[in-house]
Amino acid sequence: KGTTEITGGTGSLGITGGSSAFGASVVTGVIDSSVTAVIENSKVNADKDVIVSAEANETIGKSDAPFITVAGGFSTGVTLEGAIDTLIMSSTADAHIKGTKIIDDVAYGITAGRDVSITAQGTDNIFAIGGAVGASSQTGVGATINTIVVDKDVDAYAENTTIDAKQDIKAKATEIDNFFTTVIAAGGAGTTGVAGVVNTNVITSELKAGFNNSTLKAGNKIS
């Protein structure tokens, strides 16, 4: 099991009694994790269960404490404020049984008195808030750009092996995504106010669960 968390935030503030105020907050959060649980080319004989499990948990921010990126400014002339958030999460959760053990030209695999369970789970949680406010008696500009990229592989499988379980044989891959993002931009001015928001979310995931080129024998069910 692997767990990674990024919390906190950043901010900028520009205030002047003169003609111009500029401020920018730029945040980049990157998580790259890999969790692997394997049995390869082995002979296993268990009285009860054989469990192979991989779990990858990535979190940016929390529901009660989101990751915050803010920028704000005020002037009597021109105020330009921007907040740029880039959050990248790449994770792999891989649980598998592969190959057999050869002893005296005899192939041995996995034998269990009860169940053989192969499970993998990938969980991504993002709680983020981004905002920019530009205020001026003449021209105020506020812009916020928020980009979230998630790339995830979750694999649970048996390949080129032999499994004999008195009860169940199971291979299961699970993906869980929880995203909460709020993006705000405001421009307030006596003459010209401009505000813009760009919010981009890209999620790519691949789930694989099953049995390939294997011999399976279960007393109850295979799933």
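Which residue does the side chain of Lys152 meet in a salt bridge at 3.7 Å, N to O?

Analyst: The side chain of Lys152 meets that of Glu175 in this salt bridge, with 3.7 Å from N to O. A salt bridge here is a side-chain nitrogen of Lys or Arg within 4 Å of a carboxyl oxygen of Asp or Glu. Strands are DSSP runs of E with at least two residues, and helices are runs of H or I with at least four, both numbered from the N terminus.

The model is a predicted one: local features need pLDDT of at least 70, side-chain atom pairs count only at pLDDT 80 or more, and totals for chains, interfaces and linings use all residues. Residues are numbered from 1 along each chain as its sequence is written, and side-chain values use heavy atoms, with hydrogens and water left out.

Lys152 also forms a salt bridge with Asp124, at 3.1 Å from N to O. Glu175, with 27%, is partly exposed. The classes are buried for under 20% relative accessible area, exposed for over 50%, and partly exposed in between, computed with a 1.4 Å probe on protein chains only. Through shared partners, salt bridges join Asp124, Lys152, Glu175 and Asp177 into one network.

The structure holds 5 salt bridges. One of them pairs Arg114 with Asp49, their closest N and O atoms being 3.0 Å apart. Here too the pair links distant parts of the chain, 65 residues apart: Arg114 is in the loop between strand 10 (110–112) and strand 11 (116–136), and Asp49 is in the loop between strand 4 (44–46) and strand 5. Arg114 is partly exposed at 34% relative accessibility, and Asp49 is partly exposed at 32%.

Strand 5 (residues 50–60) also contains Asn57, which is buried because its relative accessibility is 12%. The side chain of Asn57 makes a polar contact with that of Glu55 at 3.1 Å, and a further polar contact of 3.5 Å joins the side chains of Asn57 and Thr123. A polar contact is a pair of N or O atoms within 3.5 Å; within protein, one must be able to donate a hydrogen and the other to accept it, and residues adjacent in sequence count only if both atoms are side-chain atoms. Leaving aside neighbours within four places in sequence, Asn57 is in contact (heavy atoms within 4.5 Å) with Lys1, Gly2, Thr3, Thr4 and Thr123.

Strands pair if DSSP finds at least two bridges between them. Strand 3 is joined to strand 7 (residues 78–98) by 21 bridges, and Gly29 has Leu87 of strand 7 as its bridge partner.
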